[in-house]
Amino acid sequence: MISGRGGQAVRGGGNRIRPPRRTVVNSDEFEQCWERLREALRDIHTRNAGNLSFEQLYRYSYKIVVNKAGGKLYDRVKQFEEKWFADEVIPPIRALITTNLVSVTLEEVPGTSVVERRAMGEKFLKGVRASWESHNMSMNMTADILMYLERGYTQEHFRPPIYAATIGLFRDNILRTSLKENGSNCLVFDILNATIIDQVNMEREGDVIDKALLRSCISMLEDLFETDEEIEHEQLYLTTFEPIYLHNSRLFYKAECEKLLREGDTKEWLRYTQRRLAEEAERCQTTVSPLTLRKITHVVEQELIIKHLEEFLNFEGTGIKAMIDNDRVEDLTILYQLVARVDTKKAALRNALAARVIALGTEIEQVLRNTDFSIAQQADAEEPTEGAEKSKPKTLNPAAQQTAAAIKWVHDVLSLKDKFDRLWVTCFAEDLILQTALTKSFADFINSFDRSSEYVSLFIDDNLKRGIKGKTEAEVDVVLDKAITLLRFLNEKDKFEQYYQKHLARRLLHAKSESQEVEQEMISRMKRELGNNFTQKFEGMFRDMRTSKETTEQYKHYIRGLGEVDESRIDLNISVLAGNNWPKEVMGRTGLSDGPKAKPIYPREIQGLQDSFFKFYSINRNGRVLTWLASAGSADIKCVFPKIPGKTSGPLSRERRYELNVSTYGMIVLMMFNDVAEGDWISFEAIEESTNIPRQDLINVLTALSVIKQYRVLLREPQTKAAAKPGDRFTFNREFISKAVKIKVPSINAANKVENDEERQETDKKNEETRMYVTDAAIVRIMKQRKELGHSQLITETIQVLASRFKPDVSLIKRRIEALIGRDYLERSELADGSPAYQYVA
């Protein structure tokens, strides 16, 4: 009994075949043996091999081969199979190939329903599959009985194995058969490929197909090769079917993509593409071959993603702009996954994100310019209780308006940064390439705003004064982290340093800081981020404040030791400031080389106090010079307002005592009125002459004390809301009343407010002066170390050194090199190649 190639009759341990004795076979014996073998082959094809003896048939083939007739047997077997195909196999196959099948699959003639197409295709494929499975099983059994032909003839004569030669007959006599008799110029192969592809397309369009049927036909193509030599990579699947399948798939997805473009819905495109990629991957495992997975994936990516990515990203209402603005996390996640498949650098997504960041940043600046900050924003105010009157919005002065604008700008920028950080983590898998692009785009739009350095400093100032009040340690850390994040984006860090120094000075001198520990932590974080040089002055300011506190305590101890304790004595708190650490404005200077302002004339009581402190200070500090800075100090004054004659009720019917907190200049002005008789007026010019206060500072003080109703300690003539001016007269307001006992009179044009255009121009001018000297120092330091350096290399190294503070202009560096040559720090020279260079002059 024959059970197939490698069957149990061969493997069974108890039925070993003994080689027959070598005999001589003549022509008649060959024909007899062949006749027996031919009958056996027929029985195998007709499934009537149950009574065949494998051992006997093996002996027939053995006799033929050992008598040098193996070639003849080899050819006879092929001829038999070819005739069998022609008589028994090809006619049924031809019958399955109807005109309708050809027109639907090859000519793509419309009009046939999906059900009819599927039924015709499945009927044809089942016929091919049945023929192939029958032929494959028959050839396995044939190879078993001709086993000795394989060993004794084909290997020695380098002919293809009998199995390969006979299995290949299916390729040559079935698949490559012309259909001219059916009225078509195509081959069966063409019909097979077209039918399989048609079935796949039906599945792509949502119909149900017989996947197992298609998979068995694909497996047939994988088992067949171009030639009987069965060369690797020459499977019919790879050489004949796959190219057509990929081409058809490309056309299919090209048409689908054009349809999606017409619809103009990026959201639909994302999900469609994601679904198609998953379907094709599954199809390669269940229907087509896994060998095609990479290639078909590339086709889908090419047609649905690469070719039209920019168009889908830019669709109005559904593109990346809408995704970002509406926080469509799922859409952005799919988009990132699709882009990452086709481009490791994510260029299109990277550019789109960068452009959107800059656009939103520009919108923030535009909204800022169009917002009216004259009225305090009520967004965060508590809603009034039912029945209660709604409070009127608070009107802000110009300085407060600018401060509110600064805080809003920083808040909006941080909100935008938080938004993209969330998207980066949630949607973009923390991709480093996208992080770099986002960071650069944020830096670009932040630095394109000319007030960014000032606004960032104001944000920190506002938080350290009041913003962190009531917050937990973790919440304070978040605020500090945000501040450092903004600082990291700034190119002009030297300009930020100037503003921060000014704001820090006001917080320290006026005790405005909510927490000294948080102040120190902020500076520590700046040091870690930007280095010791950046925070050197800030740390010096804190050292001065600590030393001043100790000095004040020592002075008080010194006074008590002198026995001069007096209940009416003025309580003095001193801040001794080192000039290099503090802002020029605080130190009473306006330029790099300016001296101090004119000294004001202090009241006698204050002068005595100053002399007392200087005497104490000079005990251990011979040669030290102290300059009193009235513009930087403040004073608490106890004021007594008398009973108004004729008033029998109300606050004016009794004496009133208030404690006013004013600037030092304000204290000097108010104490003048202790010597002014009731009803007397003092002119602006007389006050200016008596106090020697700079005119602008005097205008600010008199305006604060006489214009603002709730702080109107002085009366002015004429009484208007305009700022005080020369020609005005002032007197003590004996009828002043206030609900509060302790009153803080605000400082007009305080240094911690946002600068106006004129002040900002002055700051920029001072900053440019500072940059000149910083650039000089960097060039000299480089040349002192290198001794001689080429022009280009000196420019490059100078830019690298200064990059941590500001982005230097090449023209500035060139001008400073020329200036240093003129001052004999450098001299010109040439390198060996003749290029210009410089030498350091010791």
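Helices are DSSP runs of H or I with at least four residues, strands are DSSP runs of E with at least two, and both are numbered from the N terminus. The model is predicted: local features need pLDDT of at least 70, side-chain atom pairs count only at pLDDT 80 or more, and totals for chains, interfaces and linings use all residues. Residues are numbered from 1 along each chain as its sequence is written, and side-chain values use heavy atoms, with hydrogens and water left out.

Q: What percentage of the 842 residues in the protein chain do buried residues make up?
A: The protein chain has 31 helices and nine strands. A residue is buried under 20% relative accessible area, exposed over 50% and partly exposed in between (1.4 Å probe, protein chains only). Among the 842 residues of the protein chain, the buried share is 46%.

Q: Where does arginine 47 lie?
A: Most residues other than glycine have a negative phi, and most peptide bonds are trans. Arginine 47 is not a glycine, yet its phi is positive, about 55°. With a relative accessible area of 41%, arginine 47 is partly exposed. Its place is the loop between helix H2 (27-45) and helix H3 (54-66).

Q: Where is the place of glutamate 230?
A: Glutamate 230 is a residue other than glycine with a positive phi, near 50°. It counts as partly exposed, at 33% relative accessibility. Glutamate 230 is found in the loop between helix H10 (211-223) and helix H11 (236-263).

Q: Is the peptide bond from glutamate 717 to proline 718 cis or trans?
A: Proline 718 belongs to the loop between strand S4 (714-717) and strand S5 (729-732). Omega of the bond from glutamate 717 to proline 718 is near 5°, and the bond is cis.

Q: Which residues does histidine 45 touch, not counting residues up to four places away in sequence?
A: Histidine 45 is part of helix H2. Its relative accessible area is 9%, and it is therefore buried. Leaving out residues up to four places away in sequence, histidine 45 touches Phe80, Glu81, Trp84, His135, Ser138 and Met139.

Q: What is the average twist from one strand to the next in the S1-S2-S6 sheet?
A: Two strands pair if DSSP finds at least two bridges between them, and here three strands form an open sheet of mixed pairing in the order S1-S2-S6. From one strand to the next, the twist averages 25°.

Q: What is the bridge partner of phenylalanine 641 in S2?
A: S1 and strand S2 (residues 656-663) run antiparallel and are joined by eight bridges. In S2, cysteine 639 is partnered by tyrosine 658. The partner of phenylalanine 641 is arginine 656.

Q: Which residues make up the uncovered face of S1?
A: In a regular strand the side chains alternate between the two faces of the sheet. Helix H26 (residues 664-672) lies across S1 and S2, at about 135° to S2. On S1, the covered face has Ala635, Ile637, Cys639 and Phe641, and the uncovered face has Ser634, Asp636, Lys638 and Val640.

Q: Are H9 and H12 parallel or oblique to each other?
A: Axes are lines fitted to C-alpha atoms, for helices over the stretch in contact, and angles run from 0 to 180 degrees between N-to-C directions. Angles under 35 degrees count as roughly parallel, over 145 as roughly antiparallel, 65 to 115 as roughly perpendicular and the rest as oblique. Helix H9 (residues 188-204) packs on helix H12 (residues 266-286) at about 140°, with axes 12 Å apart. H9 and H12 are therefore oblique.

Q: By class, how many charged residues has the contact of H9 with H12?
A: A crossing is left-handed if the near helix is turned anticlockwise from the far one by less than a right angle, and right-handed if clockwise; that of H9 and H12 is right-handed. Val200, Glu203 and Arg204 in H9 meet Arg276, Glu280 and Arg283 in H12. Ala, Val, Leu, Ile, Met, Phe, Trp, Tyr, Cys and Pro count as nonpolar, Asp, Glu, Lys and Arg as charged, and the others, Gly among them, as polar. This contact has one nonpolar residue and no polar ones, and its charged residues number five.

Q: Does H12 pass H16 in a left-handed or a right-handed crossing?
A: H12 and helix H16 (residues 329-342) pack with axes 10 Å apart, at about 55°. H12 and H16 are therefore oblique to each other. Their crossing is left-handed.

Definitions and conventions: Contact = heavy atoms within 4.5 Å.
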